[in-house]
Amino acid sequence: ETEAVALAAEMEHTFRIRVPVSRSVELWSVARPFLYTASLAVKVAGVAIDVQNITFGARSIRFDADTGFWLNERRTKLRGFCDHSNFGGVGSAVPDRVNL
């Protein structure tokens, strides 16, 4: 629960919430993509008028110039490719008339 904030219609407000995370949390990984759900509710007079469920995973990431990408303190290889398409006559500078 957070402190109550009175907002007029069409008004915006950003809430910042710190949630402690247990050391026994299951970390998201490529081999085991464990996910959690956070449920956020806007209440008026104790009645939820809007609810959002947000799915997320807990993990740590870092890039090292010498050893590459690390996920949850384990070196992890990233695989992918560049898909740069050239359009005949215009090259990679695609004009607005070309519908991608």
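This report describes the fold, surface, aromatic pairs and salt bridges of a predicted model.

## Basis

Residues are numbered from 1 along each chain as its sequence is written, and side-chain values rest on heavy atoms, without hydrogens or water. Because the model is predicted, local features need pLDDT of at least 70 and side-chain atom pairs count only at pLDDT 80 or more, while totals for chains, interfaces and linings use all residues.

## Fold and surface

The protein has five strands and zero helices, in the order β-β-β-β-β from the N terminus on. Both kinds of element are DSSP runs numbered from the N terminus: helices are H or I with at least four residues, strands are E with at least two. Among contacts between residues at least 6 apart in sequence, 16% join residues at least 24 apart; a contact means heavy atoms within 4.5 Å.

Of the 100 residues in the protein, 6% are buried. Buried means under 20% relative accessible area, exposed over 50%, and partly exposed in between, with a 1.4 Å probe and protein chains only. The accessible surface comes to about 9,700 Å², and 52% of it belongs to carbon and sulfur atoms. These areas come from the Shrake-Rupley method with a 1.4 Å probe; for residues, only the protein chains shown count as cover.

A nonpolar surface patch is formed by Val 5, Leu 7, Met 11, Phe 15, Ile 17, Val 19, Leu 40 and Ile 54, with about 710 Å² of accessible area together. Patches are made of residues with over 30% relative accessible area and no salt bridge; nonpolar side chains (Val, Leu, Ile, Met, Phe, Trp, Tyr) are joined within 5 Å, like charges within 9 Å. Ile 17, one of the patch residues, is placed in the segment before β1.

## Aromatic pairs

Rings of Phe, Tyr and Trp (its six-membered ring) pair if their centres lie within 6.5 Å; planes under 30 degrees apart count as stacked, over 60 as edge-to-face and the rest as tilted. The count comes to three aromatic pairs. Phe 34 and Tyr 36 are edge-to-face, because their planes stand at 65°, with ring centres 4.9 Å apart. Phe 63 and Phe 69 form a tilted pair, 5.0 Å centre to centre with 50° between the planes.

Phe 63 is exposed at 62% relative accessible area, whereas Phe 69 is buried at 13%. Phe 34 is partly exposed at 27% relative accessibility, and Tyr 36 is partly exposed at 26%. Phe 34, Tyr 36 and Phe 56 form one aromatic cluster.

Side chains of opposite charge can pair when their charged atoms come close. The structure holds two salt bridges, each defined as a side-chain nitrogen of Lys or Arg within 4 Å of a carboxyl oxygen of Asp or Glu. Glu 73 and Arg 62 meet at 3.4 Å, N to O. Glu 73 lies in the loop between β4 (68-71) and β5 (74-75) and Arg 62 in strand β3 (residues 61-64), so this pair ties together parts eleven residues apart in sequence. Arg 62 is partly exposed at 32% relative accessibility.

The other bridge joins Arg 32 and Glu 26, whose closest N and O atoms are 2.9 Å apart. Arg 32 is partly exposed at 44% relative accessibility, and Glu 26 is partly exposed at 35%. The backbone nitrogen of Arg 32 is also reached by the side chain of Ser 29 at 2.9 Å. A polar contact is a pair of N or O atoms within 3.5 Å; within protein, one must be able to donate a hydrogen and the other to accept it, and residues adjacent in sequence count only if both atoms are side-chain atoms. Ser 29 is placed in the segment before β1 (36-44). Not counting residues up to four places away in sequence, Ser 29 touches Leu 71 and Asn 72.
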